[in-house]
Amino acid sequence: PSPQGPRYEDEPSNVAQGFSPAKNRRGHVSLVGAGPGDPGLLTRRAVARLRRADLVLYDALIDPKILKLARHAQRFFVGKRAGREAMSQRVINGVMIRAARRGKQVVRLKGGDPFVFGRGGEEVSALREAGISFEVVPGVTSAVAAPALAGIPLTHRGVSSAFLVLGGHDQDAFTQAVGKVTPNVATLVI
């Protein structure tokens, strides 16, 4: 049990983030990582948040089976694919904030983990600025899950003691990072 007492699966974990449970009555936003796409790899907390959701704003590459867990929720695609936006980030932030202010339980469903190559950090900043109660429900990023599911260890004694995750979109950042990695020391995940 935590210093605040035992936590139950459906209870938000926002106390550690500085929000009081009383604010929950006005609505709540859960930034949920859907993991690598397999519904069987969702966390129990992710499943609980989806089941109690009133509104789900979901990204591209979310398996329809995962969306079915949000049986009673309105669901809106807000993903961004290859530079094409279904909805701007500013609008997504506004929808989350307005829905929470109306007392809705909002799930912002993101592939992988909300803070790995996503805009989870921007969304948290907007929610904090608006005084909205929120939590982050981590998911397994595909940078770790894909190699694991393929049987490829990211670290292996005597072969690689570190791994570096890089996005392939920024050529300058990619080239600089790869150029600084000593061969046979780290596994590169791109």
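Trainee: Where is Phe163 found?
Mentor: Phe163 sits in strand β8, residues 162-165; strands are DSSP runs of E with at least two residues, numbered from the N terminus. This is a predicted model, in which local features need pLDDT of at least 70, side-chain atom pairs count only at pLDDT 80 or more, and totals for chains, interfaces and linings use all residues. Residues are numbered from 1 along each chain as its sequence is written, and side-chain values use heavy atoms, with hydrogens and water left out.

Trainee: Is Phe163 buried, partly exposed or exposed, and why?
Mentor: Phe163 counts as partly exposed because its relative accessibility is 40%; buried means under 20% relative accessible area, exposed over 50%, and partly exposed in between (1.4 Å probe, protein chains only).

Trainee: Now the aromatic rings. How many aromatic pairs does the structure hold?
Mentor: The structure holds one aromatic pair. The ring centres of Tyr58 and Phe77 are 5.7 Å apart and the planes are at 65°, so the pair is edge-to-face. Rings of Phe, Tyr and Trp (its six-membered ring) pair if their centres lie within 6.5 Å; planes under 30 degrees apart count as stacked, over 60 as edge-to-face and the rest as tilted.

Trainee: Which parts of the chain does the pair link?
Mentor: The pair links distant parts: Tyr58 lies in strand β2 (residues 55-58) and Phe77 in strand β3 (residues 74-77), 19 residues apart.

Trainee: And how accessible is Tyr58?
Mentor: Tyr58 is buried, at 18% relative accessible area, whereas Phe77 is partly exposed at 38%.

Terms used
Helix = DSSP H or I, 4+ residues; strand = E, 2+ residues; numbered from the N terminus.
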